[in-house]
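Reader: I would like a close look at one part of this model. Please take the salt bridges, and keep it brisk.

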Amino acid sequence: MARQALIKLRRGTGAPADGTLTEGELAIDIAAKKLYTANSSGNTQVISGDQYNIGQSGNATHGVVTLTVDNSTLSNDSITITGGTDITVAGNTSVINVNSTSTLSTITGRGATTSTTIVGTGGFTGNLTGNVTGDVTGDLTGNADTATALESATTIQGVSFDGTSAITTLTAGNGASVTGTAVAVVGGTGVTSNATGVHIGQSVGTTDNVQFNNVDVDGTLDVAGITTIENTTAASSTGTGALVVAGGAGIAGALYVGGNLIVEGTTTQVSSTTVTIDDNLIKLAANQTGNDTDAVDTGVYSTYDVGGTQKYSGFVRDTSKGNKAFIFFEGITTEPTGTVTYAAGDLAYIEAILDGGTY
């Protein structure tokens, strides 16, 4: 015959007073249908009833224990659960202590539950779902769904970043373009840029000989050293040759021309004090080459000033005379141009020795 265990319960109405029960002794409130016991100090502890429901499922090595607190007025209770793998606490409580070597993977609150403090002595591992209000002390690892801004902005390649908007920085690769305060690098023929830097197909140090083809300079080009143009293209006009200058050219030092000097302007002005010419003959009116073209006077004249009046003297071949005679003039006030205008009184005196010899 199997032995039967007899469990004795004290019964009554209302909770037993502290000191009424001994440790482990049971009592039942027949009116409220609550089960009580006492701890080692003799204090009464309620262990079942309408407010506390304890259920267990699983096996001997792994189980789920659920403790449900349905009375919303128990907002100041402290519930301590030791051990267990999966623990669910539903209701109002201010502190949850989980003393176990197992990992606490999920804390689920009912409704708009507010947790004032969550302390993990060994840290937390797992996902935290829901809104967190308050300070977080310690390191956070993982991804947030949204973020408003960094507490302290940081600087990336000279651009301030606080997480509220994107910034534009240097992008490595061929033909990379950068805007903002960084340097813009645009790759072209012979120029590449990648993660290691910008690359040009030749050395471009301050002491290197650099070669470029078709260089356009929109501003001022300052050259401190010697500039050598090795192109040998001949010039046949103002738009051809190895060096073509669209505007004027100012030369502060000496100019040496190894080839022919061709001047196509209307005025050639030489401010030198001494002019030396190796040619023994000077050709004037070189454009008078058409048939029967003899329309201008040719010669040489000089200028001087008398009492604030500019005057001119010289000699020319006068095409208005039938014999095209050379005449000497002195003191005319109209500067000679294509023809010389003079009167009989403007003819100059000539001191000369005339030898009438024979032919």
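Author: The answer starts with the ground rules, then goes through the pairs and ends at a sheet. This is a predicted model, where local features need pLDDT of at least 70, side-chain atom pairs count only at pLDDT 80 or more, and totals for chains, interfaces and linings use all residues. Residues are numbered from 1 along each chain as its sequence is written, and side-chain values use heavy atoms, leaving out hydrogens and water.

The structure holds three salt bridges (a side-chain nitrogen of Lys or Arg within 4 Å of a carboxyl oxygen of Asp or Glu). Take Arg-317 and Asp-294: their side chains meet at 3.0 Å, N to O. Arg-317 sits in strand β15, Asp-294 in the loop between β13 and β14, 23 residues apart (strands are DSSP runs of E, at least two residues, numbered from the N terminus).

Lys-324 also bridges to Asp-294, with the closest N and O atoms 3.9 Å apart. Lys-324 lies in the loop between β15 and β16, 30 residues from Asp-294. Shared partners join Asp-294, Arg-317 and Lys-324 into one network.

Asp-294 is partly exposed at 33% (between buried, under 20% relative accessible area, and exposed, over 50%, with a 1.4 Å probe and protein chains only). Arg-317, at 23%, is partly exposed. Lys-324, at 28%, is partly exposed too.

Now the sheet. It is open, with three strands in the order β14-β15-β16 and antiparallel pairing (strands pair if DSSP finds at least two bridges between them). β14 and β16 stand at the edges with a single partner each, so one side of each has no neighbour in the sheet. Nine bridges join β14 to β15. Thr-303 stands opposite Tyr-312 in β15.

Key
Helix = DSSP H or I, 4+ residues; strand = E, 2+ residues; numbered from the N terminus.
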